[in-house]
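Q: Hey, could you walk me through this one? I'd like to go piece by piece.

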Amino acid sequence: MTFANYVIDRLAWLLLLCFALLLSVLGMLIARVALGVLILILGVIALVTVLVLVADYLRIRSFYRELSDLSRSLSSQAYLCSALTSSPHTREQAFVLSLMKTMTQAMVSQIEKTKQEQGDYRQYTELWVHEIKTPLAACELLLRNSDVPLQAGEMSLQAGDCMPAGERAQTGEREQAGDFSFSASASVNQRLGLQIKRIEELVDQTLYYARSGNLENDFIIKNIHLDQVVKAAIHRYSRHMILAKVYPRLSNLNVNVRGDAKWVQFMIEQIISNAIKYRKPQAEASYIDISATQQTNDFGVKTTVLSIRDEGIGIPASDCSRVFEQAFTGENGRAYAKSTGIGLFLVDKLARKMNMSVRLSSQVGKGTTVCLCFSSALHDVM
């Protein structure tokens, strides 16, 4: 609070004082008080008034300045100011602090309640994910034990599509299975198996999303071998890749990095999933090139860059800067496939949790490259 603002707040009181002084001066003039005495009295009153105002302002300023400094230093925890402020100088300041403490306690109580609700919801989500995996696994086992080929003339499984699958096979057209496509000659069980696999992947994505805000209970940083993690991710998506005719090419992956193997594998899976989803529709076959390079800066910090490059449709330049935003689907998500806008958002979020970085570059019609950068200076992850 500035002195000018302090005076403005007390302007009505000062005007009333001036009016009282004016009446006093008129009374003393009527009483024929000597002019020198009158000036002396007015000077003393004015001096005392100014000194009182300045002293009161300095006392109030120290209180509010302390609150302001605490607010800036605590930043996001500024609500704790009332608890850390020293004893008030006046009853008015004590009343203000009392109100602030009451509001702070109410807010902290609400925050704790919200945290508890979020924790309960996260636990329910994790429990639901684990429970739903049991019937999905049973369905997949049943499909593996009974593979019934789709006969010519049977209806395709795509929602809203009533064209016989045999006619599709003759035209060479490819059918959609959720976000992925496959040959029209695929069996019913292959199609159902692919759908079940896709459900499992979405369920896993739900689980990782639920845990991404609170990783300390499921987060182990250690040396991991990139070759093993990449191959595990490819194996998870092997069925999709075979049916979509997207093939991996691996090179220079005999490298150890610091990270959590499970979460890094999940990040790679999301990138591979996008590469399959946004491949060129007319291409007979395409490749995903996965390789690693190592660099050392002037301070001796080694950085390993895992590069995953596809030969898909690419991302428009206007969308490249936003692909890591939550729920952002862009032009490709609306035109080519059903997209949630969660995959790359989780990749970026998890990377920051592990002190990694993610880079993306793309050209429309040529493909997209996503780089995961691991630093040897990984520490203080949480």
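**Walking through the chain**

A: Helices (H or I, at least four residues) and strands (E, at least two) are DSSP runs, numbered from the N terminus. Before more, this is a predicted model, where local features need pLDDT of at least 70 and side-chain atom pairs count only at pLDDT 80 or more, while totals for chains, interfaces and linings use all residues. Residues are numbered from 1 along each chain as its sequence is written, and side-chain values use heavy atoms, with hydrogens and water left out.

Q: Okay, is Asn 252 buried or exposed?
A: Asn 252 counts as exposed, because its relative accessibility is 56%. Buried means under 20% relative accessible area, exposed over 50%, and partly exposed in between (1.4 Å probe, protein chains only).

Q: And what's its phi?
A: Positive, about 55°, although Asn 252 is not a glycine. Lys 245 also isn't a glycine, and its phi is positive too, near 60°.

Q: Where is Lys 245?
A: In the loop between H9 and strand E4 (246–251). Lys 245 has a relative accessible area of 31%, so it is partly exposed.

Q: Let's zoom out. How many helices and strands are there?
A: The chain has 13 helices and nine strands. It has 382 residues, and 37% of them count as buried.

Q: What about contacts in the chain, how many link residues 24 or more positions apart?
A: Among contacts with a separation of 6 or more, 67% are between residues 24 or more positions apart. Contact means heavy atoms within 4.5 Å.

Q: Switching to helices: how do H10 and H13 pack?
A: Helix H10 (residues 261–277) and helix H13 (residues 343–353) pack at about 150°, and their axes are 9 Å apart. That angle makes H10 roughly antiparallel to H13. The cut-offs are under 35 degrees for roughly parallel, over 145 for roughly antiparallel, 65 to 115 for roughly perpendicular, and oblique for the rest. Axes here are lines fitted to C-alpha atoms, for helices over the stretch in contact, with angles running from 0 to 180 degrees between N-to-C directions.

Q: Which residues meet there?
A: From H10, Trp 263, Phe 266, Met 267, Gln 270, Ile 271 and Asn 274. On the H13 side they meet Gly 343, Leu 344, Leu 346, Val 347, Leu 350 and Ala 351.

Q: How enclosed is H13 by the rest of the structure?
A: Largely enclosed, because eight of its eleven residues are buried. Buried ones in H13 include Phe 345 and Asp 348. After H13 comes Asn 355, with a positive phi near 60°.

Q: Now the largest nonpolar core: which residues touch the most other members?
A: Ile 268, Ile 272, Leu 306 and Leu 372, out of 47 residues in that core. H10 gives the largest share of this core, nine residues. A nonpolar core is a set of buried Ala, Val, Leu, Ile, Met, Phe, Trp, Tyr and Cys residues joined through side-chain atoms within 4.5 Å.

Q: What is Ile 268 in contact with?
A: Leaving aside neighbours within four places in sequence, Ile 268 contacts Val 229, Val 230, Ala 233, Leu 306, Ile 308 and Leu 372.

Q: Last one: where is Thr 49 found?
A: Thr 49 is in helix H3 (residues 35–74). Its relative accessibility is 16%, so Thr 49 counts as buried. Not counting residues up to four places away in sequence, Thr 49 touches Trp 13, Leu 14 and Leu 17.
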